[in-house]
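Hi everyone, thanks for coming. Let's take a few minutes to walk through one model together.

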Amino acid sequence: MNLFDVYPLIDVTPVRAAGATIWDEQGNTYLDLYGGHAVISIGHSNPHFNKRIKDQLDHLAFYSNSVKIPLQKELSNKLGDLSCLHDYQLFLCNSGAEANENALKLASFATGKSGFISFSGAFHGRTSGAVVLTDNPKIIAPSNQREDVYILPFGDSIAVEKQLKEGNIAGIIIEGIQGVGGIHMPSSDFLKELERLCKSYGVKLILDEVQSGYGRTGRFFAHQWVDGLTPDLITMAKGMGNGFPIGGVLIHPSIKSSYGLLGTTFGGNHLACAAGLGVLEVIEKDKLMDHASKMGEFLIHGLSQIPGISDIRGKGLMIGIDLDREAGPVRSELVKKYRIFTGSAAGKHTIRLLPPLNIKMNELSSFLDSLKKILN
Ligand SMILES: Cc1ncc(COP(=O)(O)O)c(C=O)c1O
């Protein structure tokens with residue numbers, strides 16, 4: 001049987017990994033500045049994380065949400081502690097798109113409306129509700145098309161208010177920092193204005209923190225850099241399980257639950273919760289949010305010294321670099337000659353860096369040296 005061929009592949013077959021290092025079949029090592037697309041938060045093969053999963057596997061891997069699963073409560077408590085969002089409620093699922101899909105449903109249930117607003121450059125996933133709010137017509141199938149979805153210019157609150165005045169909007173969804181779009185940060189003023197508009201028009205504000213969350217920017221969620229911002233819904237996945245599939249929605253206490261409103265077979269299963277707890281315990285113990293902040297500053301400073309870079313954006317370990325040339329050949333050379341993985345973005349000139357949060361300074365220095373040699 002053939003695989004359905006939808007991914008252009010880097011010609012490397014990883015077989016083992018530890019921290020930010022990946023080994024291929026031949027025993028070559030690669031530096032992982034892509035983190036498997038922002039998924040590897042606490043580093044590959046963390047011993048505590050691995051033990052958490054192995055121990056759980058030996059007890060109970062899965063049972064459905066029809067029974068008590070105390071690990072879910074343990075996970076939500078720990079998440080409350082680290083994010084300081086104790087009041088929110090947690091719904092567990094399996095991926096970023098699924099988290100967004102559930103957030104959209106909740107916004108629609110809570111308001112009784114069906115329309116949504118997102119922004120140019122946005123990526124929210126590939127399932128039907130999430131994809132139609134994603135700014136990429138190539139991945140929107142005819143069956144996903146909707147009349148009541150509006151992708152408005154990023155940063156344009158006047159356009160948002162104009163649309164809200166038309167009515168029938170349930171929610172506005174925005175990434176904490178746009179990832180796939182090329183690391184674009186919404187300004188604090190824009191986020192505050194969205195929050196104000198949502199309140200005055202009775203609309204729900206959804207912060208998609210699937211990529212920008214889980215400590216990556218140096219705060220637990222990227223939107224927490226904006227003082228006092230209180231989204232109605234916050235979605236997360238990627239870094240949440242360090243590779244174990246898990247996603248979730250944080251739901252403001254003003255949105256009430258009822259039996260059957262949401263549901264999932266696999267979401268919140270025992271193994272996923274053990275993985276999620278393992279991640280949070282390591283983030284806390286190893287102070288990875290502080291580390292991400294420091295390493296981000298080091299990286300941005302180093303990048304600013306390299307000629308051939310026209311723009312550096314981002315926060316913590318979510319960094320976008322615009323080059324004075326196309327990024328594709330530079331990224332290929334980084335892999336082939338220097339054995340360093342980096343990420344691409346929507347813009348042809350952009351390199352995206354999403355390394356594990358425990359990346360070391362000397363690893364970042366070796367990347368800076370390699371990039372300098374290529375761009376010189
Ligand atoms: C901001 C954002 N939202 C949602 C998603 C979708 O997540 P998943 O691929 O887990 O469905 C992604 C994936 O890249 C993302 O970056």
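**Around the ligand**

Let's begin with helix α4, residues 96-111, which gives the most to the shell around the ligand: three residues. Helices here are DSSP runs of H or I with at least four residues, strands are E runs of at least two, and both are numbered from the N terminus. Please keep in mind that this is a predicted model, where local features need pLDDT of at least 70, side-chain atom pairs count only at pLDDT 80 or more, and totals for chains, interfaces and linings use all residues. Residues are numbered from 1 along each chain as its sequence is written.

Which of the 14 residues around the ligand come nearest? They are Ser95, Gly96, Ala97, Gly125 and Val210, where near means a C-beta atom, placed from the backbone, within 6 Å.

Now to the fold. The chain has 11 helices and 14 strands. Four of the strands make an open sheet of mixed pairing, ordered β1-β2-β3-β13; two strands pair if DSSP finds at least two bridges between them. At the edges sit β1 (14-18) and β13 (340-341), each pairing on one side only. Strand β3, residues 29-32, runs parallel to β13, and two bridges join them. There, Asp32 stands opposite Phe341 in β13.

Finally, the overall dimensions. The C-alpha trace spans about 55 × 50 × 50 Å along its principal axes. Of the 376 residues, 47% count as buried, meaning 20 or more other C-beta atoms, placed from the backbone, lie within 10 Å of the residue's own. Thanks, and I'm happy to chat!

Technical notes
Buried ≥ 20, exposed ≤ 12 C-beta atoms within 10 Å, placed from the backbone.
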